[in-house]
Amino acid sequence: MGYTPPLSCISLPLCYLFLFLFLSYVHIEASPLKLTREATTVSSRQRLSVSNDWKFFRSETNPDQISYDKRPNLPSTSNTESLKAWILPSGNQFIKDPAKRYSRPTSSQRTNVTYAQNGFDDSKWETVSLPHDWAIQGPFYRDDSVPVKGGMGRLPIHGVGWYRRKLSVSVEDKSKLMYLDIDGAMSYAMVWVNEILVGGWPYGYNSFRLDLTPYLKEGHDNLLAIRLDNPTDSSRWYPGGGIYRNVWITKVEKVHVGQWGTFITSRNVSKKSATIDFIIQVENEDDIAQEVNVATDVHVFDAKSGRAGEKVAEFPRAVVTIGGNQHLQAKGTTELNNPKLWGPYSTQHPNLYIAITRLSANNETFDTYETQFGIRSITYDGDKGLLVNDEHVEIQGVNQHHDLGALGAAFNIRAAERQLEVLQELGCNAIRMSHNPPSPELLELTDRMGFLVVDEIFDVWERSKTSADFSLIFPEWHEPDLRAFIRRDRNHPSIIVWSVGNEVGEQYTDVSGASIAQTLNDMVYEEDPTRPTTASMNYAKPYMPFPRALDILSLNYQGEGIRDAPAYSHLSGIKTPPLYPDFHRTFPEKLLWASESAASLSTRGTYIFPVTRGISAPVNDTSGGNSKYLHVSSYELYSADFGASPDKVFSAQDHNPFVAGEFVWSGWDYLGEPTPYYSARSSYFGIIDLAGFKKDRFYLYQARWRPDLRMAHILPHWTWPGREGKVTPVHVFSSADEAELFINGKPQGKKKKGNYEYRFRWDDVLYEAGEISVVTYKKGSEWAKASVRTAGPAMGLRVNADRMDINGDGKDLAYLTVEIVDEEGNIVPEADNEVMFSVSGPGEIVATDNGNPTDFTSFISQTRKAFSGKVLVIVRASPGEAGEITVMASAVELKSVKVKIAAH
Ligand code: GAL
């Protein structure tokens, strides 16, 4: 039995409903329309990037005696003035009940704030470009009595930051509306224009819009000043600090399509046809009524080039009369023959369409609005799992935090795309956005690349996890945040479910917790009746009220069991047997998956002996861990106390075939949360390390997720001077079913994968220098081979660039991996030589990294030690300059290397 969406309808106050139900479609060739994200100008709508020329200043303490609200850990709380009353009205559009909306205080316009004043001299402030993360360059905090500890990444995220910039408004723009669109600012954003406090948005992960029109003066330079306040202890991971996503000015006519003003859904979807429903929100901010023609055409969308292709359908044209200061919704339906369906990588294709809406009067188009969307059907089935376009798709997913490693939280499209590319190579087809709304561009990438997405909004509700987290503002902001989040994201075909929470404390509060879940779900259904909801459970049990409120059952670790295997029995803490069968028995109709699985730990390229003979063990100093060097062994058998190795998780999944799949914790390493060693800076959970280098675990997942790929991977490395004659287990990850290991040509025995076994292991091998090699077989035929050789002394550097050509737009990036190699080109596996980088030509070094969670060198340093033989440098072309960028890497006594990257 599958999920049936609840019957409820989007409703907005002050709206007329125009329903045009005749079906139509036409086929004409349209000339391609260039759609770029930068400064898109179509008819009179303009979306202008406001990324350069910001002046920036940050103070670790509150420099201006104001704050959003009194907070438990804010210094000198008693003297600070709360400006919450000016900020709350910014969420009004997303509060359904008009009686609950906020009025702007009339007592004062809050003009007396020093850093928002025209006369304030900001010339000594730093000049920055957006997206900007004020904390990422460090320095790292090292000890225990520091303001930001391991959990939040040991970087200076805290304090108050001010950004100031001039905005010029031309006289021709007099009649227009000017909106400020901020994709994300961390956190408690407050915005002043010409000294007047306009509004703001506390939650740092949501996107928001403010209407600047009443405060701007045309023909003048206007002062835009933004204050952010980022408390310590606001998060369980690295949040970043600053305006870390893009900022736009959107200019429109008084009558225009509203913010996130379209909603496109499809039904009766098959390869032959699909019915597409369209809702458009038209807004009139003028006092007089207007008659408006609304026309929407559907084109094929080529996401790579950003171009609209052939027109394939149109919605019925509508003429609507919209009263002064009114908002209305127009609705339409059309039918599309032979739709190109959106489906996930790698079994289906992520085809996209774009709806181009034109508002016109007297034959003149005055607003053009574009909506990218996809057509697909999804069935959520308790027994069969997830069906996309009637085909079963096993969820091979990962959890991803929002940071981009060495770039911090500052969003960069190429950095995000690179993360997704490596995940696709892994065989990953799904991402859980843990635990907050992602940047809008990331969802464009998941649409385009064919990832299934769990779009998640909250890590906490009313019950806090850290002292200054979202629970402080949940009462007033959960509704505006939740509705804004869904309105922004609901046209993305990649999103398959809305997650309203992760491991919230309300799992423990019986019916009262479940009733909050229900309240949030009801809001979700009102905003999007087509998708189910979920919330992740690491505690709630099938007999409790909490899971009853959810459409999809998302288990964190409980499916495979928590601390239930023998190796974990000595640990204190909650012990949970594997709960997949119980949940399925209690809710046979609900789709069930692991929204977090494994929590395996490892440090790339580091192996610690002896190796457990079991299939899963918690880390400690006698079991895969080294608390002196803060390393976890890469035999990929060790986990957090509450976690399990991948092998144990796979077995639990295979024993319970109704489980729809898993989201591994985590895909990439991320900043903060360095379990089990909180004096480190970044996590050990990733399948891929923070620099983007693959851990051994990568191949364990790849072997399972890409069974048709001929691959075999051997661990550990084979350079162990001093281990001669000592037991040095060899494990092989392969998509084969049989394997034979050789040491210096001597056979070590053939192994077959047994039922519920996921690796080949030779646990009694005695080390001798030379070469280990493996030959694998599938169904009796040779499948894939691999070998590893003992490396000699380091002789030189080798460089690989992910791309040799990049855009000279100041944003695109080249990622260069430098390896320390011996004379024969073998990587020297434990090499930690210091590598110096330099660049000539029209480019610059943005950051370096090596994936070592204990490396406290600033990410902007141009000198960095290699770690386990590798180091990364990230290079960007200077904006607007073309030419050849030469990147040089050198290290004492090693042969240096150069590579040339072309910037266009
Ligand atoms: C989960 C939590 C994640 C992360 C993970 C690993 O319990 O939901 O956010 O903390 O554990 O520690």
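Author: Start with the cavity. On a 1 Å grid over the protein atoms alone, a cavity is a set of points where a 1.4 Å probe fits but cannot get out; a pocket is an open set with protein on both sides within 12 Å along at least five of seven lines; lining residues have an atom within 4 Å of a point. Grid points are joined across faces, edges and corners, and a volume is the space filled by probe spheres set on the points. By that rule, the largest cavity has a volume of about 300 Å³. This is a predicted model: local features need pLDDT of at least 70, side-chain atom pairs count only at pLDDT 80 or more, and totals for chains, interfaces and linings use all residues. Residues are numbered from 1 along each chain as its sequence is written, and side-chain values use heavy atoms, without hydrogens and water.

Reader: How many cavities of 30 Å³ or more does the rule count?

Author: Five.

Reader: Which residues lie nearest the centre of the largest cavity?

Author: Tyr203, Tyr205, Ser234, Asp469 and Phe470, from a lining of 23 residues.

Reader: What volume does the second largest pocket have?

Author: About 1,000 Å³. Its lining has 36 residues. Helices (H or I, at least four residues) and strands (E, at least two) are DSSP runs, numbered from the N terminus. α2 gives the most to this lining, with five residues.

Reader: Why is aspartate 122 called buried?

Author: Buried means under 20% relative accessible area, exposed over 50%, partly exposed in between (1.4 Å probe, protein chains only). Aspartate 122 has 16%, so it is buried. Aspartate 122 sits in the loop between α1 (84–87) and β8 (126–128).

Reader: What makes the link between aspartate 122 and arginine 164 a polar contact?

Author: A polar contact is a pair of N or O atoms within 3.5 Å; within protein, one must be able to donate a hydrogen and the other to accept it, and residues adjacent in sequence count only if both atoms are side-chain atoms. The side chains of aspartate 122 and arginine 164 are joined by such a contact, of 2.8 Å.

Reader: Which distances to an oxygen atom of the ligand do histidine 435 and glutamate 503 have?

Author: For an N or O atom in the side chain of histidine 435, 2.5 Å. For a polar side-chain atom of glutamate 503, 2.6 Å.
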